[in-house]
Amino acid sequence: MTANEGVPYDAVVLAGGGAARLGGADKPGVRVGGRALIDRVLAACSGAGTTVVVAAPRPTARPVVWAREEPPGGGPLAALDAGLRHTTAELVVVVSADLPFLGEQTVRRLLAALRDSGADGAVLTDPGGRDQPLVAAYRSASLRREIRALHESSAPGEATRHGSGLAGRPLRLLTGRLDLTRVDDPVAAFDCDTWDDIAAARARIREHGHVLDEWISAVKEELGIELDVDTGTLLDLARDAAHGVARPAAPLTTFLVGYAAARAAARGGAADGAEAVAEAARKAAALAARWADEDRQDPMPGAAQAEAVTGAHPQPASGAAPEALPHAAPGAPGATSDATPDAGPDAG
């Protein structure tokens, strides 16, 4: 499933707040794994029909609709109300902008849980089992119903003095009125409130088990590529090219595979880009295998017979220098102990 498949939804990203525990730093703009926190969250919500960010406008990697709560800095309940006004889908994903490990898969899990449960919302839980209402999917009608009820319960004149009348009021006043189902995903629920949290997130991304996926995701985001490919196949191809040909062949081969796949997809030669990459990688891997196998083949039968009868090595074609012949494969007649497929500094 790609980012744009599945349950239709809109997204509201709350990116305001003063980041007091970060010393007032611009938290949504803090980079983790080479990308601003807000851009990581926007990538996770890339399947949304409309994405609304409630904050002062800023450059982002993806197009969004900007909204502002009244008054600015009025808190998450007022921000949610402001963002919701710009959505039209029946389901809405509501997230904060400080979630470094939120991904498309978690968003899809929340939407599926909401759809299957019939509840008003599906919220992520943290490692302590606590609800995280700003990592959740809700039915828009349920949110609007309860926000309207909170408006009506405001004291006379409160809306005039405090914008919408929701400013400064806790989000639990809303979520406490909803029927919620829970989704367990402690990693995706991790948010960055302090510099220690930022350091922990950066360290985790650089761990061996995560760094490759994080890097590929960052590169695709930077290049504007929304393509899920089998990275294992590409790594196998790079390894075969490096070992069977020469080390510099690995990056150049994978580049050419990408170029060929793009041309094939543009010509309609493949159902989609991922299929085109797989087909180009298969052809290049087969070539690398044939290339490497040449050094393991036995001499041609005619040449072997001539050598057995005359005791002489086969001679090059007229005009060819003897040194132009390939080395014999190790173990084959006439092979020397130092004959290897790659004798140069770039040998794989």
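Predicted model: local features only at pLDDT ≥ 70, side-chain atom pairs only at ≥ 80, totals over all residues.
Is Glu214 buried or exposed? I started my notebook with that one, and Glu214 turns out to be buried, with a relative accessible area of 16%. The cut-off I used for buried is under 20%.

**Entry 1: the whole protein**

I looked up the overall make-up before going further. The protein has twelve helices and nine strands. It runs to 348 residues, and 39% of them count as buried. I then checked the surface, where the protein exposes about 19000 Å². Carbon and sulfur atoms supply 55% of that area. For contacts, I took those between residues at least 6 apart in sequence, and 67% of them join residues at least 24 apart.

**Entry 2: back to Glu214 and its helix**

I found Glu214 in helix H8. Setting aside residues up to four places away in sequence, I listed what Glu214 touches: Arg35, Arg40, Phe101 and Ile205.

Next I checked the length of H8, which covers residues 208-223. At 1.5 Å a residue, its 16 residues should span 22 Å, and the end C-alpha atoms are 24 Å apart, which agrees.

Which residues of H8 are buried? I noted Glu214, Ala218 and Glu221. These three cover an arc of only 60° around the axis, so they sit on the same side of H8. On the other side of H8 I found His208, Asp213, Trp215 and Leu223, which are exposed.

I also wanted to know what the buried side of H8 packs against. Its buried residues pack against strand E3 (35-36), helix H1 (37-44) and helix H7 (195-205). Just after H8, I spotted Gly224 with a positive phi of about 70°.

**Entry 3: a nonpolar patch**

Where does the nonpolar patch made by Val211, Leu212, Trp215 and Leu235 lie? It is on the surface, and together these residues have about 390 Å² of accessible area. H8 gives the patch its largest share, three residues. I looked up Leu235 separately, and it lies in helix H9 (residues 231-244). Leu235 has a relative accessible area of 46%, so I wrote it down as partly exposed.

**Entry 4: Ile38**

Is Ile38 buried or exposed? Ile38 is buried, with a relative accessible area of 1%.

I listed the contacts of Ile38, leaving aside neighbours within four places in sequence: Ala15, Pro28, Val53, Arg58, Thr60 and Ala97. I also looked at Val13, which is 25 residues from Ile38 along the chain. The C-alpha atoms of Val13 and Ile38 are separated by 8.5 Å.

**Entry 5: salt bridges**

Side chains of opposite charge can pair when their charged atoms come close. How many salt bridges does the structure hold? I have 18 written down, and I went through some of them.

I began with Arg115 and Asp116, which form a salt bridge with their closest N and O atoms 3.2 Å apart. Arg115 counts as partly exposed at 47% relative accessibility. Asp116 is exposed, with a relative accessible area of 60%.

Then I turned to Asp120 and Arg145, whose side chains meet in a salt bridge at 3.8 Å, N to O. Asp120 lies in the loop between helix H3 (104-117) and strand E7 (121-125), and Arg145 in helix H4 (residues 140-153), so this pair ties together parts that are 25 residues apart in sequence. I checked cover as well: Asp120 counts as buried at 13% relative accessibility, whereas Arg145 is partly exposed at 36%.

The last pair I looked up was Asp131 and Arg182, where the salt bridge is 2.6 Å, N to O. Asp131 lies in strand E8 (residues 131-139) and Arg182 in strand E9 (residues 180-184), so the pair ties together parts that are 51 residues apart in sequence. Asp131 is partly exposed, with a relative accessible area of 31%, and Arg182 also counts as partly exposed, at 46%.

Which residues do salt bridges with shared partners join into one network? I noted Asp120, Arg145, Glu146 and Arg177.

Definitions and conventions. Residues numbered from 1 in each chain as written. Heavy atoms only, no water. Helix = DSSP H or I, 4+ residues; strand = E, 2+ residues; numbered from the N terminus. Expected span 1.5 Å × (residues − 1). Buried < 20%, exposed > 50% of the residue type's maximum accessible area, 1.4 Å probe, protein only. Arc of directions from axis to C-beta. Contact = heavy atoms within 4.5 Å. Patch = residues over 30% accessible without salt bridge, like charges linked within 9 Å, V, L, I, M, F, W, Y side chains within 5 Å. Areas by Shrake-Rupley, 256 points an atom, 1.4 Å probe, with all protein chains shown as cover. Salt bridge = Lys/Arg side-chain N within 4 Å of Asp/Glu carboxyl O.
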